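This briefing covers fold, surface and salt bridges, in that order.

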Amino acid sequence: MERQALLSNTVKIMMPLILGGAILYWMYRGFDFQSLSHVLWNEMDWTWMLLSFPFGILAQMFRGWRWRQTLEPVGEHPRTSVSINAVFISYAVSLIIPRIGEFTRCAVLKRYDAISFSKALGTVVTERAVDSLVVLLFSGITLLLQIPVFRTFFGRTGTSIDSIFGQFSTTGWLVTAVCGIAALILLHILLRHLSIYNKVRATFSGIWQGVISLKDVRNVPLFVFFTLGIWVCYFLHYFLTFFCFDFTSHLGLTCAMVTFVVGSIAVIVPTPNGAGPWHFAVKTMLILYGVADNEALYFVLIVHTVQTMLVILLGIYAWIALLFTAKCPRTSA
């Protein structure tokens, strides 16, 4: 049993790394890495990169403030500093195992402020749903404004929505649906016969409380402000890097919006910080806007690496800060 768990954990860690590494290897095979040093120290304007950092930090702080706000309706009141540090750490650990950060930040609140793990996880689910809606809205607006560019992108990458869904016949969709329903019924039957059923049910109850907490948020305008602030800061954190390079500084706001949207969608693929899929998607879009292939490779490699280093530094800072943070006994219901 322990060997199976070890094998499973190893696969969870290695597969995203292998996937991201394979895409990066394919993209950068034959790339002249010696020229990268020249670009970094002679052609790149680091002032704009440094100016982008506060927005990257502020985006995560907004997330911490908003998370604390969504926990209040379910009777949980973590300290602001702990909430923000938990978010910092969550992004850093997700570089090792994608998506594990969501559970990590809930565990941090439970450890330091005795916050219910299941309720915290429920609010995280709520947050992700809200963020998905924002990205969807932003993507829809950008898509409408830049339909010709996206058509070219799908054509060059060999991606077609029709071809993806066309692989399933009506019978195929029906069989898939039946199998999915059967799997859910089987899972329900198994859970009812397990001794941990009540514990699992209680956990999901806590998660549900967290999910529906949004309707009881006291200051809705503040919640909206935090939500918009997160994504505006993410965008500025990315957009300002355009001015670091001569070959992207002239591309403007529209190109930044398109590449930001495509990059945000690409990071759904479970690799560390979207490494690989993000590089490929953004590089492809930059080429469509007239950036040379080699220059696009410089941009995505440098920007992603530097911004990932910032995430690591924030995680280290949060870890050190929490070492000096006193644990609070549970006082909430």
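The accessible surface of the protein is about 18500 Å² (Shrake-Rupley method, 1.4 Å probe; for residues, only the protein chains shown count as cover), and carbon and sulfur atoms account for 71% of that surface. The model is predicted: local features need pLDDT of at least 70, side-chain atom pairs count only at pLDDT 80 or more, and totals for chains, interfaces and linings use all residues. Residues are numbered from 1 along each chain as its sequence is written, and side-chain values use heavy atoms, with hydrogens and water left out.

**Fold and packing**
- Of the 333 residues, 43% are buried (under 20% relative accessible area; exposed is over 50%, partly exposed in between; 1.4 Å probe, protein chains only).
- Of the contacts (heavy atoms within 4.5 Å) between residues at least 6 apart in sequence, 76% join residues at least 24 apart.

**Salt bridges**
- The structure contains 10 salt bridges (a side-chain nitrogen of Lys or Arg within 4 Å of a carboxyl oxygen of Asp or Glu).
- R66 pairs with D131 in a salt bridge, with the closest N and O atoms 3.1 Å apart.
- R66 lies in helix α3 (residues 46-71) and D131 in helix α6 (residues 117-145), 65 residues apart.
- R66 is buried at 0% relative accessible area, and D131 is buried at 3%.
- R128 forms a salt bridge with E102, the closest N and O atoms being 2.5 Å apart.
- R128 belongs to helix α6 and E102 to helix α5 (residues 100-113), 26 residues apart.
- R128 is partly exposed at 30%, whereas E102 is buried at 16%.
- Shared partners join R63, R66, E102, R105, E127, R128 and D131 into one salt-bridge network.

Notes
Helix = DSSP H or I, 4+ residues; strand = E, 2+ residues; numbered from the N terminus.
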